[in-house]
Amino acid sequence: MSSGDKVRASHILIKHHGSRRAASWRDEDGTKFIKNTTKESAITQLKALKEDIISGKSKFEDVAMEQSDCSSAKRGGDLGPFGRGQMQKPFEEATFALKVGEISDIVDTDSGVHIIKRTG
């Protein structure tokens with residue numbers, strides 16, 4: 001993946017009432033918490049999770065498995081390799097801008113808000 005045309009990343013997605021699909025493996029019909037989560041509270045939650053990861057209190061993969069609203073949670077947030085044009089534009093741009101091992105700031109997409117860890 002050193003060619004620059006593909007990256008590999010893991011992410012933690014927190015959905016909110018404005019997400020394009022307000023349901024996840026943690027909240028199948030979105031009524032448990034997604035529909036009652038504002039974008040602002042999703043961002044606050046994600047910032048706290050990132051702080052725990054950066055401080056060493058938690059591991060990215062473990063947090064993804066427990067907290068991410070994406071089905072990739074079962075793989076510790078791993079999305080596998082992907083190229084340009086395969087992800088929503090803000091997600092793609094943030095991932096390609098990271099160095100391997102870096103974790104992004106909050107990335108806002110139609111799916112919700114994310115933090116992304118580039119792994120390859």
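Predicted model: local features only at pLDDT ≥ 70, side-chain atom pairs only at ≥ 80, totals over all residues.
Q: OK, how many helices and strands are in the protein chain?
A: Three helices and four strands. Those are DSSP runs numbered from the N terminus, with helices being H or I of at least four residues and strands being E of at least two.

Q: And which pattern do they follow along the sequence?
A: Reading along the chain you get β-α-α-β-α-β-β. The radius of gyration is 14 Å, close to the 14 Å from the globule rule for 120 residues, so the chain is as compact as a globular protein of that length. That radius is taken over C-alpha atoms, and the rule is 2.2 Å times the number of residues to the power 0.38.

Q: What does the C-alpha trace span?
A: About 45 × 35 × 25 Å along the principal axes.

Q: How much of the chain is buried?
A: 47% of the 120 residues count as buried. Buried means under 20% relative accessible area, exposed is over 50%, and partly exposed is in between (1.4 Å probe, protein chains only).

Q: What share of the contacts comes from residues 24 or more positions apart?
A: 58% of the contacts with a separation of 6 or more. A contact here is heavy atoms within 4.5 Å.

Q: Let's look at some serines. Is S55 buried or exposed?
A: S55 is exposed, at 56% relative accessible area, and it sits in helix α1, residues 39-55.

Q: How about S10, buried or exposed?
A: S10 counts as buried, with 5% relative accessibility. This serine is in strand β1, residues 6-14.

Q: What does S10 touch?
A: Leaving aside neighbours within four places in sequence, S10 contacts F60, G76, G77, D78, L79, I115, I116, K117 and T119.

Q: Switching to helix α3, which of its residues are buried?
A: In α3 (residues 89-97) they're F91, E92, A94, T95 and F96. Their cover includes β1, β2 (78-83), β3 (107-109) and β4 (112-118).

Q: Where does L98 lie?
A: In the loop between α3 and β3. L98 counts as buried at 10% relative accessibility, and beyond its neighbours within four places its contacts are I103, S104, I116 and R118.

Q: So what about R118, buried or exposed?
A: Buried, with a relative accessible area of 13%. R118 is part of strand β4, and its C-alpha is 6.3 Å from that of T95, 23 residues away along the chain. Not counting residues up to four places away, R118 touches several others, including K6, V7, T95 and F96.

Q: Last one: which residues are closest to the centre of the largest pocket?
A: H11, L13, R20, C70 and S111, out of 17 lining residues. A pocket is an open set of points on a 1 Å grid over the protein atoms alone where a 1.4 Å probe fits, with protein on both sides within 12 Å along at least five of seven lines, and lining residues have an atom within 4 Å of a point.

Key. Residues numbered from 1 in each chain as written. Heavy atoms only, no water.
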